[in-house]
Amino acid sequence: MATELTGGLSPMQAFAVVGIAGVGAQWLAWRFRLPAIVLMLLAGLLLGPVTGIFVPSRDIGDIIPPMISLAVAVILFEGGLTLSLRKLADARPAVRRLVYIGAPLGWVMSSLALAFGAGLGWESAIVFGGIMIVTGPTVIAPLLRQAKLTSRPAQVLQWEGIVNDPIGALVAVIALEIVLVRNTGVTWGEALGQLMLGIGFATVIGAVVGYLVVQSFRRGWVPEYMKVPLLFVAVLGVFAGSDSLLHESGLLAVTVMGLVIANADLPSYHELHRFKEHATILLVSGVFILLAAGIRFETLAQLDWWRAGLFIALVVLVARPVTVLASLIGTNLPMKERLLIAFTGPRGVVLVAVSGIFAERLVGEGIEDGALIAPLAFVLVLVTVVLHGFTLAPFARRLGLTSGEKPGLLIVGGSLFATGLAKALDKAGVNVLITDTNRDHLRTARSEAVHTFYGDILGEAAEHNVEFIAYSGILAASDNDAYNTLVATDLAPEFGRENIWQLARHKEDRARHALPTQLGGQTIDGNRTLAQYLDLLADGWIFRTTRLTEEYRLADWQAAREGAVPLAQVQNEKLWFIGSLEDDLVDRPDTRIVSLLPPDIAQQIEREHEAQAKPGESAREVAREEAEAVKRGQGSGSVPGGDSAAGADRLRDQAKDGDLKDGDLIETEGDLSDDGRPAPQRDPDEGLSDDDDEAANEVRSADAGKPRD
């Protein structure tokens, strides 16, 4: 039972608690790789019904409904800003069918689930069934980021969530009008006229205001610093104006407005979208905390939990799959993508916020079971968020629709350095893609079977052809310092500045050439330019991938590889470049170090490899001779004094001297020393098998002019 604070919180304290809890839950979710929505709901429940620390109706009061409505409007507008028609590509037919066929079919299926599962009357069932068309873009977006879905199913789910949200609200309005016509003196003609007027006005005002915003920004009628405030005010005005004519039509208006702006190709579009994205994160956090904290256990106690469980099972296992699979018949989507979409239908903020408003209207009209809509909506959101939050990623992996668990790196700029680094990172289990605007620069990478993309990584073609979600970091390493800085700065908000690296710029150590810290990416230890790295390769330096073990630690590697330049480390599916040896170079087993080795060590490794091949041939020769001796009955496997005694003696001498490497005949913990005790553990990157991705990757530029394994 909740332990309420008698005095409560002041409005200022309440807003502070909501902000800290919401943003804190999102940070914890990012830190521990958990679904953010789940933690936000739990935080709201703990603050509200469990402890009574924050009770929205007590601490904030009557401003809660308009706050939530305006927050939902901004969230849907931001979602509309992501609906660029150019990005739909081959997902367009599926999205169209999920809107044209899926929305009405989903209304029917959801209403049936409410009637036969939850036991609601037909009036409440058709109203709430309309609201259930929505799938929650506020929930879908973080789930897609966490699951790392491939582009097409991710686009379908995102578009469906954003487009169907206002449609669901309008369908609920239509259903409510039907109920009002039946229970009041309003005629069908009056209800239909009001409905069409509201929908038409919402569509027109959204399109007109969106067009005016585009023209004012494009023609320079609004200064740069006022664009975001003007846009924010326009969203609030459009929502309030449309909503005053027809309740909930404002959601349609702001979505249409966002759609118009998203497809106008504005120069300032990215800056506007990023601001709205940041605002949406804050609003989503606040709305979820408010809604969860406002739930009362007394309200939930009104539910028949057996019927509520049956209702949720029907929605998740029947209504959603039937709606999606029937809608996608005849599309080009493979069955596994259809199944993923069919069994992914989390509900979010819009469902809870809108359902509470319609529940009050139904109860006001004397429909008593309308009071069950709000608790049913909350339970549905809670169950679907938790269910999909923990099952979407493994389900998608099982279907083969994720970008994989390997860490990924985009290297911008094709060169011998980029190719060698890519090959070395591949040995460490990193998925690498090299991009360049010059096809000739990618020739070496292609010859070494490294994945490449020819084109501008910032261009529209890259959005269609590069699975950005498969890559967690970027290294800007082209021969153009200005372009490297542009790429690092432009993509930092999307990838996170901590995942963006850049090779040192020419003359950046001079004051007049230095850039502000907010431009460009992180530097790699040594602060070398591309030309300097290429000079090292020309002098005989090689790339090397080394795995640390319990026996072979970082100190052993540093002692054996004196003068090496560590570039990156990979551990637990995470890649990072070495920016500072003291801070970034970690000593943990199963960590792989990618480094550049100086010529003297490179020559030593080459001699070791040559020596390794010869004992291997000797070992096979001795084994063959011993086998023949055994067949002739002239000795055992050791053949003392037999035909192959001389060869066996040579083999033993090589093992004693350390020339016989692990893997020729047997695997040992270390080479044998003269006194028979194990010698110090050798570098584990010597003589390892390719099966474990531990074989060394060497790239030389001398004579050959291109890297080799």
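Which residues make the nonpolar surface patch of about 730 Å²?

View 1. The patch is made by Trp27, Leu28, Trp30, Phe32, Leu34, Val386 and Phe390, where a patch takes residues with over 30% relative accessible area and no salt bridge, nonpolar side chains being joined within 5 Å. Phe390, found in helix α18, is partly exposed, with a relative accessible area of 47% (buried means under 20%, exposed over 50%, partly exposed in between, with a 1.4 Å probe and protein chains only).

**View 2. The stacked pair of Phe417 and Tyr533.** The structure holds three aromatic pairs (ring centres within 6.5 Å; planes under 30 degrees apart are stacked, over 60 edge-to-face, the rest tilted). In this stacked pair the rings lie 4.6 Å centre to centre, with 25 degrees between the planes. Phe417 lies in helix α19 (residues 416–427) and Tyr533 in helix α23 (residues 530–538), so the pair ties together parts that are 116 residues apart in sequence. Both Phe417 and Tyr533 are buried, and together with Phe543 they form one aromatic cluster.

**View 3. Lys227 over the face of Phe217.** Lys227 lies 5.4 Å from the ring centre of Phe217, a charge being over a ring if NZ of Lys or CZ of Arg is within 6 Å of the centre and within 35 degrees of the ring normal.

**Notes.** Residues are numbered from 1 along each chain as its sequence is written, and side-chain values use heavy atoms, without hydrogens and water. Because the model is predicted, local features need pLDDT of at least 70 and side-chain atom pairs count only at pLDDT 80 or more, while totals for chains, interfaces and linings use all residues.

Conventions
Phe/Tyr/Trp six-rings, centres within 6.5 Å; stacked < 30°, edge-to-face > 60°. Helix = DSSP H or I, 4+ residues; strand = E, 2+ residues; numbered from the N terminus. Patch = residues over 30% accessible without salt bridge, like charges linked within 9 Å, V, L, I, M, F, W, Y side chains within 5 Å. Areas by Shrake-Rupley, 256 points an atom, 1.4 Å probe, with all protein chains shown as cover. Salt bridge = Lys/Arg side-chain N within 4 Å of Asp/Glu carboxyl O.
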